[in-house]
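Biologist: Could you walk me through this one? I'm new to reading structures.

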Amino acid sequence: MSQVWRSIFRHTYQDTPRNRSLMILSNVFMHILPVKVRPRAIRFRYTWRLGELSFFLFLLLTVTGVFLMFYYRPTIEHAYWDMKDLRFAVPFGPMLRNLHRWSAHVMVLFVMFHMTSVFYRSAYKAPREYNWVVGVILMLITFLLSFTGYLLPWDQLAIWAVTVGTNMAAATPFLGSEGPFSLVTADSDMRFILLGSKLVGQAGLLRFYVLHCVLLPLVFLIFVSVHLWRVRKDDFSAIPVPPEEERKKGVRPEEWLKAHPEELDKKVFTWPNLVSRMFVSALVLTAILVAWSMLAHAPLEELANPNKTPNPSKAPWYFVGLQELLVYFDPWIAGVVLPTLILVGLMAIPYIDKNPRGVGYYNFRDRKFAVGMFTFGLVFWFTLIFIGYTMRGPGWEIFMPGEPWDHFRAPHSVALHSMPIWGGLLFMLGYVGAGLALWKFKLQGFFKRQGLGVIGSSMVIFLMLSMFFVPAKIILRNFFAVKYILSFPAFNFNI
Amino acid sequence: MKRGIWNWLFVISSFGLIAMTAALFCQELLPEWAIVQQQYNRRLAEVTGDRSKRWALPKIQQIHLPEMKRTDRCITCHAGISNPKMADQPQPFKSHPNLGIPGFLEKHPFNEIGCTVCHHGQGPALEKKHAHGPVPHWERPLLSKELIVGTCTTCHQNTGTLKGAERLQKAWVLFKEKGCIGCHNLHGKGMLVGPELAETYSKSSDQFDFKYIQGEETVAHWIQEHFRDPQKVVPGYPKLGIPETPMPSYGLTDDEIQMLTALVISFASEEENEESPIPARFHVPGDRGGTLLAAEEMPRRRGDAANALEPEPAAASKVEQGAAVYQKAGCIGCHGPQGRGGIRNPNMDQQEVPPLTHVSDGYSKEELKEIIRDGRYPARADKNGLAPALWMPSWKDKLSEEEIDAVVEYLYSLNPEKPEGV
């Protein structure tokens, strides 16, 4: 072993338990991993490798993004033509751009799926509540990173998707010029803060560029450091489960572990057991992304033209579900209130779900209520995205997937009416009353058993009522032709 | 066993990545354009006898015109366009012909005006499929030989006497003969029964319905098919109360269709284009006093288009003057030559625009003038059917009292029983 080797790696390369430990301990990057982990933590079907792959995609996006920055100028004169240059004249330009684009889509998807898997294996419960909150923030940043990147090619797809997105900001209550109880004008509202202008233009392009390339990645890095460090410090959630035949008999891991405490101490070395699997997963994903990038080019439509609105103009796919809700709600609800409630509700989950069951393994039987609520929200979210993305054509009319868009088809229009104010108030009171009755007569015992106080219980009821209000309104609108339940046009306040 | 899967995944994805990287390097080292350029270099070496040319390294060639917001890389493959020695070579190596016009090449320096300003196509692209088109999201694919004359008007403000623009001039004669201006607007001049023609080619292809058209989905192709059979391309939606297009089918020949399509392209070429502007120094003012057409009759850029039509040439008699007005105002488009009618107008009485040969039997001159001045919506033959799509527009802003007088005299003269017209 030469002095050079020793100065760099500090230990020999023989496969000994000591060296396996040192591989982790003497490396600043590897140090984020523990030296040993429980065998179930390395199982593919526990984490589905989604968290680590999301982080790997972040790294891949950083690398490709930095290379793209060498060729891209964030001005409305050059941006689009730099995309054309990347496509045709820059060496490996198409691969760079395609890899960046497709990785971004996959990252958004993986982050959502990662959250889903964490939920189903209760990995957010004590002591990991706060790390779940950090995770929700990271998901939000991922959305924002993708959304800000969407504008940069400066084509028709870009500016109109961002126009749809930022117009929602103008509908913010109080702080949006088009929202209810507006206190500001169009040149000082939320949209103006985002775009530096009332319309998507040069100022907005520069803001999105700086957000996309500097600010958001930095914030992401800070939060992801906390996130990964917490995973390490809080110990990995996976717990040993009873053998197959005992599980079939209905033995829960919590009880089984009390009888077999020694199982908790069974651990394997992270190097190479976990590290090799992480490496191969990243390799497989890279191979898939590279193949995808060789087969399909990232979309680039016509040069952005603020005077030519494509019909339909769609938001990026992960926001299309919210855009779909614009059919049923005013923008301040679909674009501001609902996303806020979704984020707040997600962050609240660890604090209102005090059921100690299921931590570290997939358990649906003992947490039917939590799993039911979450699954409903999740399926609803992706259904809306599916409808908005594949089934909406010109005029936001329903077209079956694969059905050619007929721009001149007769619009499906029904005369809509708003409920009278007394009717609307009555409906809202009845709806809230039904929620309170559900609490009083059905869920009170359940909440008490879980140790939920009044605040926790009312939070659960509030989030439930909010979530089910959306399908309720969809039914009212589609089957009873109700436009608004409550309408106060003077304040731009319509529900 | 589990380890086995991971080992296999490692091997397969590693080899996959290595293979794909190798393929990418091959693509980068020998792209489509480099192969073409090598073939060019070989031919150049043969033609010039200079063997060293054969080994020149391929590189991207471009004409960069920041003023016009264009970068034309066409010359990467079409490398011989300015080399007279390559005149007999096949495409893409051939030198640019002078179109039989002495001085043409000198007046159109490629390094100053680029290629796409005349030919259209995607300048920055380096793959034939994308450079020539049609590809989605590039609205101006390469123009065919027949249509390219339509872009002369980008710089030449008066193509009425321009050498080389003969097809455009023939198309303009056709345009007047058919009376297009009687229904269509052109740079804001004309009538509003049909759409503005100056904007047609500037629209994007998704603004056209290609449901009834076979072949490529380009605006030029749509225009051609629409000239060929308007009702096939725009059959309307009778169920929704949208009638088929009232544009008459004139039974044009293929050649006439190509010429008229070039003319429609030329209307759009005249318009200012913010995406790729033409600096003023390239504008060629009109050569007034041409012989083939009166200079004033060629359409001019938006802005100086007067609302009224141009005065017709001095005539010997009122009837003759009326005939000239009938021609220039485009009455012929719907009422036919010499007022003989014959243009379809579904759900109108007789299902067609009324012929004018016998108006002197049914209307006084004052009544006729009233109709011309104020226009008229035809009644529906079938009360439950759709409204007839063609109507008589109001001419009082377009024609002077004197001209209306003359037209009425002309219409009275058309009656075969009373040819004197009185």
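**Two helices and a partner chain**

Modeller: In chain A, the axes of helix α17 (residues 421-450) and helix α18 (residues 454-480) come within 10 Å and cross at roughly 135°. Axes here are lines fitted to C-alpha atoms over the stretch in contact, with angles from 0 to 180 degrees between N-to-C directions; helices are DSSP runs of H or I with at least four residues, strands are E runs of at least two, and both are numbered from the N terminus. It's a predicted model, where local features need pLDDT of at least 70, side-chain atom pairs count only at pLDDT 80 or more, and totals for chains, interfaces and linings use all residues. Residues are numbered from 1 along each chain as its sequence is written, while chains are lettered from A and ligands numbered from 1 in the order written.

Biologist: What word describes how α17(A) and α18(A) lie to each other?

Modeller: Angles under 35 degrees are roughly parallel, over 145 roughly antiparallel, 65 to 115 roughly perpendicular, and the rest oblique. The crossing is at roughly 135°, so α17(A) and α18(A) are oblique.

Biologist: Which residues of α18(A) meet α17(A)?

Modeller: Contact means C-beta atoms, placed from the backbone, within 7 Å. From α17(A) come Y431(A), V432(A), G435(A), W439(A) and F447(A), and they meet S457(A), I461(A), M464(A) and L465(A).

Biologist: Which part of chain B gives the largest share of the side that touches chain A?

Modeller: 23 residues of chain B are in contact with 26 of chain A. Of that chain B side, 10 residues, the largest share, come from helix α1 (residues 2-29) of chain B.

Biologist: How many helices and strands are in chain B?

Modeller: Counting those DSSP runs, chain B has 15 helices and four strands.

Conventions
Two residues are in contact if their C-beta atoms, placed from the backbone, lie within 7 Å.
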